[in-house]
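My notes follow in the order in which I looked.

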Amino acid sequence: EDTNNVLAEGTSLFASRITSGSSVYSTAAAQMASIADNFEVFGISLVQPDGTEATPGGNITLYLQADMIYDRNEIVVYHMADDGTLSEIPSDGYGRYVRFDTDETGIFIVCVPGVAFVMPMWGYAVILVACVLVIAVAVTVTVILVRRKKKATEA
């Protein structure tokens, strides 16, 4: 939507979903590694009727159809600059779409923040050793208390 009339008459919007295998997606995945496991990458460009790239002179409203499993109340949108830096853009759910205002084009990432914790193998070993130690201490304390009680009843 161009409610502010910042684009020239006849400007076309081209949107594409960028999938794995491209350098843009790889850069986005590297940037999102510590932010979110679930994300989608979109490329947005504006083209004037003469074929040249259009740049908005102010905010336009974009609607992106994100994955249906994403909770629209938790979605966050980022703009990724050419150098890979991310800028968060205020957004909100709009039915099955994500709506946000921007004055930029380029790469946008829609995500649900959160990275799953993966226990390293040595973590399981530490937990196992700790459990064995707790059991050993419990058995030792029980044996000591039983022997003391026996000595007390014999005397």
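Predicted model: local features only at pLDDT ≥ 70, side-chain atom pairs only at ≥ 80, totals over all residues.

I wrote down the patch rule: members have over 30% relative accessible area and no salt bridge, with like charges joined within 9 Å and nonpolar side chains (Val, Leu, Ile, Met, Phe, Trp, Tyr) within 5 Å. A salt bridge here is a side-chain nitrogen of Lys or Arg within 4 Å of a carboxyl oxygen of Asp or Glu.

Lys151 counts as exposed because its relative accessibility is 63%, and I keep the cut-offs beside it: buried is under 20% relative accessible area, exposed is over 50%, and partly exposed is in between, with a 1.4 Å probe and protein chains only.

Helix H2 also holds Val143, so I read its value next, and a relative accessible area of 40% makes Val143 partly exposed. Together with Ile135 and Val139, Val143 makes a nonpolar surface patch of about 260 Å².

I then turned to the aromatic rings, where the count comes to three pairs; rings of Phe, Tyr and Trp (its six-membered ring) pair if their centres lie within 6.5 Å, and planes under 30 degrees apart are stacked, over 60 edge-to-face and the rest tilted. One of them is the tilted pair of Tyr63 and Tyr94, at 5.1 Å centre to centre with 55° between the planes. Because Tyr63 lies in strand S3 (residues 60-64) and Tyr94 in strand S6 (residues 91-94), this pair ties together parts that are 31 residues apart in sequence. Tyr63 is partly exposed at 26%, and Tyr94 is partly exposed at 41%.

Phe100 and Phe108 form a tilted pair as well, with 5.2 Å between centres and 45° between planes. Are Phe100 and Phe108 buried or exposed? I found that both Phe100 and Phe108 are buried.

Last, I looked up Val76 in strand S4 (residues 76-80), which is buried with a relative accessible area of 13%. The C-alpha atoms of Val76 and Phe39 are separated by 9.4 Å, although these residues stand 37 residues apart along the chain.

Technical notes:
Residues numbered from 1 in each chain as written. Heavy atoms only, no water. Helix = DSSP H or I, 4+ residues; strand = E, 2+ residues; numbered from the N terminus. Areas by Shrake-Rupley, 256 points an atom, 1.4 Å probe, with all protein chains shown as cover.
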